[in-house]
Amino acid sequence: MFNIEEFDIKLDTEVIGRNFIYSDEVESTNSVLLSSKEFNQHGTVLLGEFQTKGRGRKERSWVSNAGQNLTFSILLKSDFKEHKINLVNLGSSLVVAQALENLFQLNVELKWPNDVLVEKKKIAGILLESTSKGNKINRVVIGIGINVNQPNFPGKFDIQPTSIRKEFKELVSRERLLSEILNMFEDMLETWKKEPEKILNDWRNRCKMIGERIKIIDGDKQKSGIFNDIDEDGFLVLKIADKYEKIHFGDVSLR
Ligand code: BTN
């Protein structure tokens with residue numbers, strides 16, 4: 001059982017997570033915050049102990065044992081016009097990576113666009129979604145799934161999953177981890193507004209695939225080239241022969 005009091009004592013934010021909603025069972029924390037009339041305050045965090053329809057990128061499902069992991073979403077409602085939303089995607093994966101390193105000394109790598117890996121295995125994933133009114137984005141929801149205390153992952157996966165418990169060899173406090181992430185997330189939002197290039201540089205430093213020959217798979221389409229860099233919007237720049245192509249979607253693997 002998630003101890004809200006223990007989490008709250010460690011929460012050191014002004015806005016993020018101050019409106020905190022805990023639910024035993026929810027379809028998807030992202031779906032709720034994207035459409036709920038009731039929960040529409042900037043900074044609201046919804047933690048679901050179990051998601052019946054947890055979603056991942058590219059319409060995949062996100063399956064997570066009840067009560068062992070963290071599956072939550074953060075709602076942002078501000079003026080997104082002059083800032084690049086996609087950088088919040090990269091910034092969120094950086095926050096998770098940094099928290100895992102600070103609390104458990106794990107060696108964390110990032111994989112474009114926002115997979116969080118330990119020993120090449122997936123420990124967390126992020127799904128950023130938004131809704132618009134007219135041509136204005138009015139809600140951004142950042143959904144974060146972290147494998148925390150799940151002991152095993154039966155089934156077949158594109159990338160083998162792992163959990164903090166498996167890598168750190170101990171059960172860990174979900175309350176402490178969530179508060180650490182939200183504290184860092186609030187700071188990251190400031191960096192996003194004031195120094196977006198810092199997010200890009202920190203992300204580059206944690207991605208070990210830059211400079212490598214990679215394959216991008218998007219549905220039935222495939223492209224190969226060198227992972228040259230990420231651009232100022234956080235999109236992947238693929239070098240194919242002497243041409244550069246921007247990649248907005250897809251799964252990256254080493255060739
Ligand atoms: C991915 O790696 O494909 C992204 C996974 C994102 C999963 C989280 S769990 C909380 C939030 N609610 C969802 O339905 N998905 C995200």
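**Close-up views of a predicted model**

**View 1. Around the ligand.** In this predicted model, the shell around the ligand draws at least two residues from each of α2 (29-35), β3 (70-76), β6 (121-133) and β7 (136-146). How many residues surround the ligand, and which are the closest? There are 20 of them, and Ser28, Gly56, Gly125, Gly143 and Gly145 are the closest. By class, the shell holds 11 polar, five nonpolar and four charged residues.

**View 2. Helix α3 from end to end.** Here we follow α3, which covers residues 86-104. Its 19 residues, at 1.5 Å a residue, should span 27 Å, and the end C-alpha atoms lie 28 Å apart, so the two values agree. For background, most residues other than glycine have a negative phi.

**View 3. Helix α3 against helix α5.** Two packed helices are described by the angle between their axes and the distance between the axes. For α3 and α5 (residues 174-194), the angle is about 140° and the axes are 9 Å apart. Angles over 145 degrees would count as roughly antiparallel, so this pair is oblique. The crossing of α3 with α5 is right-handed. On the α3 side, the residues that meet α5 include Leu87, Val88, Gly91, Leu94, Val95 and Ala99; on the α5 side, Leu177, Ile181, Met184, Phe185, Met188 and Trp192 are among them. The contact of α3 with α5 has 13 nonpolar, four polar and two charged residues.

**View 4. Helix α3 against helix α6.** What angle do α3 and α6 (residues 196-206) make? They pack at about 55°, with their axes 9 Å apart, and are therefore oblique to each other. This crossing of α3 and α6 is left-handed. From α3 come Leu87, Leu90, Gly91, Leu94 and Ala97, and they meet Pro196, Ile199, Asp202, Trp203 and Arg206 of α6. Seven nonpolar, one polar and two charged residues make up the contact of α3 with α6. A helix has 3.6 residues a turn, so residues three or four places apart point the same way.

**View 5. Backbone details in two loops.** Where does Pro113 lie? Pro113 is found in the loop between β4 (108-111) and β5 (115-118). The peptide bond that leads from Trp112 to Pro113 is cis, with omega near 0°. As a reminder, most peptide bonds are trans. Lys120 sits in the loop between β5 and β6. The phi of Lys120 is near 65°, a positive value in a residue other than glycine.

Methods: Residues numbered from 1 in each chain as written. Predicted model: local features only at pLDDT ≥ 70, side-chain atom pairs only at ≥ 80, totals over all residues. Helix = DSSP H or I, 4+ residues; strand = E, 2+ residues; numbered from the N terminus. Expected span 1.5 Å × (residues − 1). Axes fitted to C-alpha atoms, helices over the stretch in contact; angles between N-to-C directions. Parallel < 35°, antiparallel > 145°, perpendicular 65-115°, else oblique. Left-handed = near helix turned anticlockwise from the far one by under 90°. Contact = placed C-beta atoms within 7 Å. Nonpolar A, V, L, I, M, F, W, Y, C, P; charged D, E, K, R; others polar. Near = placed C-beta within 6 Å.
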